[in-house]
Amino acid sequence: MIEELYTPLQIELRNRARDLAENVMRPVAAKYDEEQTYPWEVQHAIRDAGLSGVWIPEEYGGMGAGVLELCLVVEEFSRACGGMGVGFAVNALGSFPILVGGTDEQKKRWLPPIAAGEALIAFGLSEKVAGSDAGSMITRAEKDGEEYVINGEKKWNTNGAVASFNTIFAVTNPDRGARGISAFVVAKDAPGYRVGKHEDKMGIRAVPVVEIHLEDCRVPAENLLGGVEGHGFKQAMITLDRARPGVAAQAVGLAQGALDLAIAYTHEREQFGQSVSSFQGIQWMLADMATQIEAARHLVHTAARTIDSGAKSITKLSAMCKLMATDVAMRVTTDCVQLFGGYGYCKDYPIEKYMRDAKITQIYEGTNQIQRLVIARSLLREAAGGGK
Ligand code: CAA
């Protein structure tokens, strides 16, 4: 990172996150990867370091910074542990719908505990039958007096087992397609809300990814985001536009963390009477990886700055940075395993975890195939004279 391009606050935040990542996360990353349990000690350290509400406005108890600062923190966390990086970032994903679609009263109610690190929030969009085609969801919310009754199941709910709140998307009017979807903030102790299956995952094993069952789950009508039905799908899309740079930053952190380890290892490891890093073939690999990471980082930061500027057209850049950074992360972490040779394939070394953690970044918050679709749609709309 070229420090001259960043404000003193951004550099201080990056350093604060790096200290926490090195001193708290890295020493326990393998343990939580093995156990697949939630690292509360890490969550408490994030809270104590004052980093929980980086992206939340000051009036709602947060730091009042933006998506760029969120990305700086997520990159540093993910450099030490990809699972802990997303365990933090998913709170932004869960709270963005409140920020973009909630009333002032709703923001005052839910954002301060998240900003203080006292509550976690998840994001319930996907279902068994509705992954890439998010608009085909079948979870149903029906009004009953002053309450909504929600029935259905949410899938791939990151942090759902530990979050106090979950932003749940459900169909309020089945005749209106995407315009019949609404968003609700549901508390974990709402009647009829139940955490189901815990996925046994390839990577990001420090965060629970679960199914959420909603069985006649009753929520007060005042928990309908924005107070008006039918805006949920747009709120989800606007949220994903803001959150995808966070996944991209997670990918940059994973790639950078893997490259750091590969540089140290190839320097130390001797074959044919010399350090492995003295071979030009290896040096070219290191140079290519560093170049790709730097390019990805700059695209992520450009997307984040564009979002923070208040620009209207953020969809294409957001998808582009997610697509590029996560493909770079998969390529780089795979090549880093190669540089460790047989040792890279074994759990005695931390490198294989980077490759496992990287894979999901190409899948969640919209597969990279969906990112290409989103980018292409923007290109064609622009060519036809529409907005970006
Ligand atoms: N901003 C604002 N509005 C948007 C928008 C955007 N970026 N994208 C779409 N919309 C609006 C459209 O304008 C349209 O509005 P009107 O009805 O007023 O015309 C409406 O939303 C429907 O849009 P489309 O017709 O384009 O919708 P679609 O059904 O063709 O699908 C899609 C669009 C881009 C493919 C979308 O379904 C999508 O993003 N899919 C991927 C879902 C995803 O990312 N899921 C990940 C969930 S989170 C997760 O991974 C788990 C976790 O916990 C980390």
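**Lining of the second largest pocket**

Four helices, H1 (8–35), H3 (67–80), H6 (232–268) and H10 (351–361), each contribute at least two residues to the lining of the second largest pocket. The model is a predicted one, and the volume of this pocket is about 300 Å³. Its lining comprises 21 residues, among which Ala29, Ala30, Tyr349, Pro350 and Lys353 lie nearest the centre of the pocket. By residue class, the lining of the second largest pocket is made up of ten charged, nine nonpolar and two polar residues.

The position of the second largest pocket follows from the domain assignment. Residues of the lining come from both domain 1 (3–115) and domain 3 (233–383), and the pocket therefore lies between these two domains.

The overall fold provides the setting for this site. The chain contains eleven helices and nine strands. Along the principal axes, its C-alpha atoms occupy a box of roughly 80 × 50 × 40 Å. The radius of gyration of the chain is 21 Å, in agreement with the value near 21 Å that a compact globule of 388 residues would have. Buried residues account for 56% of the 388 residues of the chain. Of the contacts in the chain between residues at least 6 apart in sequence, 73% link residues at least 24 apart.

Key:
Residues are numbered from 1 along each chain as its sequence is written. This is a predicted model: local features need pLDDT of at least 70, side-chain atom pairs count only at pLDDT 80 or more; totals for chains, interfaces and linings use all residues. Side-chain values use heavy atoms; hydrogens and water are left out. On a 1 Å grid over the protein atoms alone, a cavity is a set of points where a 1.4 Å probe fits but cannot get out, and a pocket is an open set with protein on both sides within 12 Å along at least five of seven lines; lining residues have an atom within 4 Å of a point. Grid points are joined across faces, edges and corners, and a volume is the space filled by probe spheres set on the points. Ala, Val, Leu, Ile, Met, Phe, Trp, Tyr, Cys and Pro count as nonpolar, Asp, Glu, Lys and Arg as charged, and the others, Gly among them, as polar. Domain bounds come from an automatic or database domain assignment. The radius of gyration is taken over C-alpha atoms; the globule rule is 2.2 Å times the number of residues to the power 0.38. Buried means under 20% relative accessible area, exposed over 50%, partly exposed in between (1.4 Å probe, protein chains only). Contact means heavy atoms within 4.5 Å.
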